[in-house]
Amino acid sequence: KKVLITGHTGFKGFWISLILKKLGALVYGISLDNSNEDKFHFDYLKEEYLAGNYFADIRNFSEIESIIKEINPDYVFHLAAQAIVSKGFKDPLETYTTNTIGSLNILESIRKNLDKCIIVMITSDKVYENFEWFYGYREIDKLGGKDPYSASKASAEIAIRSYYESFFKNSPILLATARAGNVIGGGDWSEDRLIPDCIRSWMKNEDVMIRNPKSTRPWQHVFEPI
């Protein structure tokens, strides 16, 4: 099967690319060209692992449409995103356009060019309205988001649902979303994440700055959502 992964050079994208390749898939990837970043885990995957490697911005509809038309994938896993909550405050417009409009660009490209496809759109556990209650959130709970990152992901969920109801509900294009949060594991070197922050500080023999010491969070290893 031909499997297209957006965000294939990122933390979760790297792992899903590697695992699907090991399982025998023809793996194609779309990501921003961020090869100059430190600890670029994707380098270990090597290009010979991939059937196709594309560097493009998911906010650019014409470019994304051209790539999807060329690949004609059987499966699409959409992981490309602006994934850092703190960056959402620094650049809210980029966060909304990447996470909401970027998701729509993927779906519209598929709608216009593919007869059948299985699509999994990855959003976040932060799509829920945060009531600060004790128990965990359920898929039927209210969507919301007070910060730009959370709101951009909740907006993406609403837009994705509208595409399902309007275009894909009774078609060979099958669509679902998946929500994961607080994922840890090798290859995550993002800023303002607890475990990478700890590792960076310890490598320099520095104290770790814990930004939210009173927060309680669930954790899952990257293999769980993958």
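Colleague: Which residues is I110 in contact with, leaving aside its neighbours within four places in sequence?
Modeller: I110 touches I68, V76, C117, I119 and I173. Contact here means heavy atoms within 4.5 Å. This is a predicted model, in which local features need pLDDT of at least 70, side-chain atom pairs count only at pLDDT 80 or more, and totals for chains, interfaces and linings use all residues. Residues are numbered from 1 along each chain as its sequence is written, and side-chain values use heavy atoms, with hydrogens and water left out.

Colleague: What makes a set of residues a nonpolar core?
Modeller: The members must be buried Ala, Val, Leu, Ile, Met, Phe, Trp, Tyr or Cys residues, joined through side-chain atoms within 4.5 Å. Buried means under 20% relative accessible area, exposed means over 50%, and partly exposed lies in between (1.4 Å probe, protein chains only). The largest such core has 25 residues, and L107, I110 and I119 have the most contacts inside it. At least two residues of this core come from each of β2 (26-31), α2 (61-71), α4 (92-113), β5 (117-122), α5 (148-168) and β6 (173-178). Helices (H or I, at least four residues) and strands (E, at least two) are DSSP runs, numbered from the N terminus. Another core, of 11 residues, lies apart from the largest one, and V3, I5, A25 and I122 are among its members.

Colleague: How do you know that the buried residues of α2 are on the same side?
Modeller: The buried residues in α2 are I64, E65, I67, I68 and I71. They cover an arc of only 165 degrees around the axis, so they fall on the same side of α2; the arc is that of the directions from the helix axis to the C-beta atoms. S62, K69 and E70 are exposed on the face turned away from the buried side. The buried residues of α2 pack against β1 (2-6), β2, β3 (52-55) and α4.

Colleague: Why is D188 called buried?
Modeller: The relative accessible area of D188 is 7%, and the limit for buried is under 20%. R193, at 22%, is therefore counted as partly exposed.

Colleague: What makes R193 and D188 a salt bridge?
Modeller: The rule asks for a side-chain nitrogen of Lys or Arg within 4 Å of a carboxyl oxygen of Asp or Glu. The closest N and O atoms of R193 and D188 are 3.0 Å apart, so the pair meets the rule. By this rule the count comes to 14 salt bridges.

Colleague: How far apart are R200 and D197 in helix α6?
Modeller: They are 3 residues apart, which means a separation of about one helical turn. An α-helix has 3.6 residues a turn, so residues three or four places apart point the same way. R200 and D197 form a salt bridge, with the closest N and O atoms 2.8 Å apart, and both are buried. R200 also meets E191 in a salt bridge at 4.0 Å, N to O. E191, at 53% relative accessibility, is exposed, while R200 is buried at 18%. The network of salt bridges links E191, D192, D197, R200 and R211.

Colleague: Why is I195 called partly exposed?
Modeller: The relative accessible area of I195 is 37%, which lies between the 20% and 50% limits. I195 is in helix α6 (residues 194-203).
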